[in-house]
Amino acid sequence: MTRIIRGYIARRRRKKIRLFAASFRGTHSRLTRTITQQKIRALLSAHRDRDKQKRNFRRLWILRLNAVIRGNRVRVSQSYSKLIHDLQKKQLFLNRKIMAQIAISNRNCLYIIFNEIMK
């Protein structure tokens with residue numbers, strides 16, 4: 001019986017999947033079935049962790065602000081939650097990310113903002 005040379009479409013599909021898994025180790029980068037499973041798993045993890053990263057950064061900003069507020073020499077507010085409450089009463093909606101960056105780089109500027117809120 002003669003050898004049948006098949007088409008290139010399936011080979012091209014597998015090659016595309018292998019390019020995605022080129023950096024994986026062992027069987028995960030060599031066998032088509034496991035490559036497919038690992039690709040699905042990697043994409044699910046990436047999707048989940050993008051949301052988790054947003055949460056983690058927000059927690060970090062809140063932690064930094066709270067540390068600066070509690071370590072403040074001149075008592076403006078006792079805690080982060082009271083500061084946010086005062087900001088909302090004054091209808092000043094400041095970004096937590098920017099406030100955390102100001103807290104790290106220039107605390108005096110942050111204290112000036114706090115004092116303006118309290119007036």
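**Aromatic rings and a helix crossing**

The charged end of K39 sits over the ring of F20, 5.3 Å from its centre (meaning Lys NZ or Arg CZ within 6 Å of the ring centre and within 35 degrees of the ring normal). This is a predicted model, where local features need pLDDT of at least 70 and side-chain atom pairs 80 or more, while totals for chains, interfaces and linings use all residues. Residues are numbered from 1 along each chain as its sequence is written, and side-chain values use heavy atoms, leaving out hydrogens and water.

**Aromatic pairs**
- Searching the whole structure turns up two aromatic pairs (Phe, Tyr or six-membered Trp rings with centres within 6.5 Å; planes under 30 degrees apart are stacked, over 60 edge-to-face, the rest tilted).
- F20 and F24 have ring centres 6.2 Å apart and planes at 90 degrees, so they pair edge-to-face.
- F57 and W61 are tilted, because their planes lie at 35 degrees, with centres 6.1 Å apart.
- F57 and W61 are four residues apart in helix α2 (residues 32-70), so about one helical turn separates them (helices are DSSP runs of H or I, at least four residues, numbered from the N terminus).

- F20 is partly exposed at 34% relative accessibility (buried is under 20%, exposed over 50%, partly exposed in between, with a 1.4 Å probe and protein chains only).
- F24, at 24%, is partly exposed, and F57 is partly exposed at 39%.

**Where α2 meets α5**
- L65, V68 and I69 of α2 touch R107, L110, Y111 and F114 of α5 (contact is heavy atoms within 4.5 Å).

How values were computed: Helices (H or I, at least four residues) and strands (E, at least two) are DSSP runs, numbered from the N terminus.
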